[in-house]
Amino acid sequence: MWRTSAVKRLGVPSIVMSDGPNGLRFSPGQADEAKAGADFGDFISMVNERRSKASAVRVTEPATCFPTASSVGATWDPDAADAAGEAMGRESRLFGVSVLLGPGMNLRRTPLAGRSSEYYSEDPLLTAHLAAAVVRGLQGQGVGACIKHYAANNSEIERTSMDSVIEARALHDSYLRAFELVIEEAAPWVVMSSYNRFDGVNVAQNRRLLTEILRDLWGYDGVVVSDWHGITDRPASLRAGNDLDMPQSRNRVVALERALAEGEVSRDDLDVAVRRVLRLLERVEEGKAAAPLLGKAEAVFSSSHAVAERVAVQGTVLLHNDGVLPLSAVDGPNLLVLGQGAEEPVIQGFGSARMTPVHLDIPLAKLREQVGPQRVRFLPGIEREGGRSAVAAEQIRQAAAEADAAVVFAHTPQSAGGENADRKDLALDEGYDELIEQAAATGLPTIVVLTVPDAVSMPWLDRVSAVLAPFYAGQGMGGAVAKLLFGEVSPSGKLPTTFPRQAEDIPGYLTYPGEAGAHFYAEGPYPGYRAYHVRKQKPLFPFGFGLSYTTFAFSDLRVLTPMVSAGGALSCEVTVENTGPRDGSEVVQLYFTLPWANRPQAPQLAGFQKVHLAAGERRRVVLEAPASCLSLWDERRQRRALPPGPAELFVGNSSENLPLSATVDVQPTVPAWRPLRRDTEPAFVLENPLAREAVGSFAAERLGIDAGEADAVLQECARSFVNVFDTLANRFDLVLDERDVQEVVEAVEAREREQYPNVKP
């Protein structure tokens with residue numbers, strides 16, 4: 001179930017893999033060579049498991065529960081992600097795990113997606129930088145990273161059969177882009193194919209994705225492994241480029257043996273996959289030899305907990321604050337703490353990523369440590385009986401008389417969402433909206449702590465004093481929240497996704513989750529914040545947003561590289577000033593637009609940097625991004641390209657607060673004109689100087705006129721909606737030889753390749 005097969009007669013070892021994008025899910029006996037298929041029932045049960053308590057997990061060895069990707073995404077800090085990856089690598093070595101099945105890095109296309117907590121962001125660049133850091137941290141410990149789920153796995157509804165239907169530029173610029181960047185920047189040892197279909201073909205058997213794009217276009221040389229039981233046709237998957245079928249299935253083994261015997265799969269196909277798996281085993285051995293010394297288990301877990309709490313602090317977003325925060329530990333406010341999550345914290349999602357925390361900070365206990373147990377009163381606030389929920393309004397009113405502030409811990413329904421199940425709406429769990437309303441109605445300053453996987457609706461927002469969102473922040477969440485509420489640290493998290501005002505505002509709402517087995521990505525190349533921008537739609541909270549206990553100002557943007565060209569980099573600098581009374585960290589965000597096609601322009605993230613400034617400190621911050629960050633997919637030429645500029649640059653601290661702007665010239669790697677094809681209309685031929693000259697010469701020869709007259713003829717044909725060759729044939733009663741036409745097209749293509757060679761942006 002969790003290990004590769006050894007070939008003892010040849011000295012080929014097996015390696016153990018483990019779930020664990022936010023901490024090891026390692027079961028007793030997981031490394032044993034048990035009979036294949038014995039764990040299938042447990043596997044299905046585990047995926048569908050739904051329990052609310054953090055400790056209510058099937059029997060797994062305790063390990064550190066790190067913040068999930070949704071929380072790491074909110075750090076906007078690759079150093080924090082690297083530290084988490086390194087710590088997970090150390091714990092993997094403790095358990096003898098050679099490959100960790102993570103990080104997850106699909107885009108969070110909709111906040112309703114069941115596994116949104118396992119993914120970083122709705123933006124591919126932010127996702128890539130954080131995932132690459134986790135991969136480097138893991139593999140620096142000699143543990144292979146397995147990036148997943150490749151590709152377009154953005155919903156859990158009918159997840160093994162739904163066909164993701166995505167236009168080319170959206171596919172390459174958004175849904176594949178993070179995978180491409182991580183492979184380029186961090187060289188993960190393993191890529192996991194996803195369950196869904198793409199182009200009507202199961203991804204695990206999709207040659208276009210697994211070979212033509214992943215290997216031929218991007219140059220990936222590692223192993224492709226299936227998601228567990230994700231292959232239905234083993235011979236087809238092997239030919240497509242899926243090297244390793246997990247877990248072992250006798251049915252699929254026999255199918256492959258039969259295909260080999262009948263010549264449906266060649267020995268060469270098999271040898272290619274075998275070589276890749278053997279190279280993975282070599283990397284594991286090399287990694288073990290190069291890995292730093294490992295301390296005792298107690299020291300490893302202690303260090304990991306400290307990392308988990310630090311990441312949780314950085315990944316907690318302050319969404320709203322009327323001045324009530326930070327609370328004063330010196331004055332010792334009397335707190336009324338509401339919500340079961342204060343006593344039984346919600347720290348992770350459900351499914352194969354769910355694991356047993358080795359330690360658990362209880363938020364209620366941590367708050368009592370801050371001001372003393374006598375100053376904190378706890379009430380669950382919601383009474384549940386016989387499937388019904390009721391808010392204990394009278395209890396709350398009585399307790400409020402002796403309190404100075406209320407802190408409400410709220411979460412989404414624990415019976416919905418997670419692996420194999422999307423959320424049905426953006427609402428909190430039953431009773432929590434009313435609980436928050438009741439707390440606010442007492443007149444107490446009310447602080448809401450949202451332990452949620454992604455965006456939620458907030459009908460009570462204008463009646464509460466503060467909203468703090470740690471998301472699923474792992475076992476250190478309790479300590480992190482207490483430190484932030486009492487101002488030991490100023491919040492610095494930024495939203496990695498957009499919070500819509502209502503579900504109907506989600507960009508893909510009209511075609512989500514799909515029908516008749518197909519899921520059409522109707523928003524095209526405008527996922528997340530890009531769609532809100534082009535539709536001029538104001539979200540509840542924008543991408544990149546997050547408050548602090550201090551304030552920041554941006555000024556004096558200066559571009560240091562007046563021209564950006566392939567292989568180069570974009571560099572600019574800006575002054576950032578902490579204009580408030582406290583030390584704090586700000587994320588400086590760089591966005592760009594480039595004219596491309598005839599579509600609306602939406603700023604896209606090109607780079608970012610998290611900077612810590614003392615109160616009153618002013619600093620020049622340099623933002624750098626490789627030229628490839630400005631590249632877009634050119635479907636006509638089937639490659640990434642730097643389109644003609646200039647590029648507009650914007651700097652600020654969220655996708656909606658970009659006060660500074662500048663321009664930078666771009667040396668394009670593709671021309672602005674359309675390539676000549678057999679069906680190109682005359683107007684587009686006239687815009688293409690190479691095509692204009694070649695077609696003009698073609699017309700001059702056929703009509704017996706000079707070049708100037710031929711060009712005039714083309715201009716007269718400009719309004720024809722029939723392709724240029726048929727327009728000439730019909731207007732002048734010509735009979736064209738299609739071979740001659742094809743020669744013209746190919747000659748123009750050759751001249752264009754000379755002027756614009758296929759260079760990597």
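In which strand is Ser-585 found? Ser-585 belongs to strand 21, which covers residues 584–593. The model is predicted.

**Ser-585**
- Ser-585 has a relative accessible area of 16%, which is under the 20% limit, so this residue counts as buried.
- The side chain of Ser-585 makes a polar contact of 2.9 Å with the side chain of His-612.
- Apart from neighbours within four places in sequence, Ser-585 touches Ser-492, Phe-552, Lys-610, Val-611 and His-612.

**Ser-415**
- Ser-415 sits in the loop that runs between strand 14 (405–410) and helix 14 (432–441).
- The relative accessible area of Ser-415 is 62%, and because the limit for exposed residues is over 50%, Ser-415 is exposed.
- Ser-415 and Gln-30 are 385 residues apart along the chain, and 27 Å separates their C-alpha atoms.

**The second largest pocket**
- The second largest pocket holds about 470 Å³ of space.
- Its lining is made of 19 residues, and the closest to the pocket centre are Trp-596, Ala-597, Asn-598, Arg-636 and Arg-674.
- Strand 24 (632–634) and helix 17 (682–687) each contribute at least two residues to the lining of this pocket.
- Sorted by class, the lining has 9 nonpolar residues, 9 charged residues and 1 polar residue.

**Helix 7**
- Helix 7 spans residues 207–217, and its buried residues are Leu-209, Leu-210, Thr-211, Ile-213, Leu-214 and Arg-215.
- At the N-terminal end, helix 7 is capped by Asn-206, which has a side-chain oxygen 3.1 Å from the backbone nitrogen of Arg-208.
- Gly-219 follows helix 7 and has a positive phi, near 80°.

**Nonpolar cores**
- The largest nonpolar core contains 103 residues, and those with the most contacts inside it are Tyr-150, Val-182, Leu-325, Val-337, Leu-485 and Leu-605.
- Helix 4 (residues 124–139) gives the most to this core, supplying 10 residues.
- Leaving aside neighbours within four places in sequence, the contacts of Leu-605 include Trp-76, Leu-125, Leu-126, Tyr-529, Phe-543 and Phe-592.
- Also among the contacts of Leu-605 are Asp-123, Gln-589, Leu-590 and Tyr-591.

Methods: Residues numbered from 1 in each chain as written. Predicted model: local features only at pLDDT ≥ 70, side-chain atom pairs only at ≥ 80, totals over all residues. Heavy atoms only, no water. Helix = DSSP H or I, 4+ residues; strand = E, 2+ residues; numbered from the N terminus. Buried < 20%, exposed > 50% of the residue type's maximum accessible area, 1.4 Å probe, protein only. Polar contact = N/O pair within 3.5 Å; in protein donor to acceptor, adjacent residues only side chain to side chain. Contact = heavy atoms within 4.5 Å. 1 Å grid on protein atoms, 1.4 Å probe; cavity = no way out; pocket = protein on both sides within 12 Å on 5 of 7 lines; lining within 4 Å. Points joined across faces, edges and corners; volume = space filled by probe spheres on them. Nonpolar A, V, L, I, M, F, W, Y, C, P; charged D, E, K, R; others polar. Core = buried A, V, L, I, M, F, W, Y, C linked by side-chain atoms within 4.5 Å.
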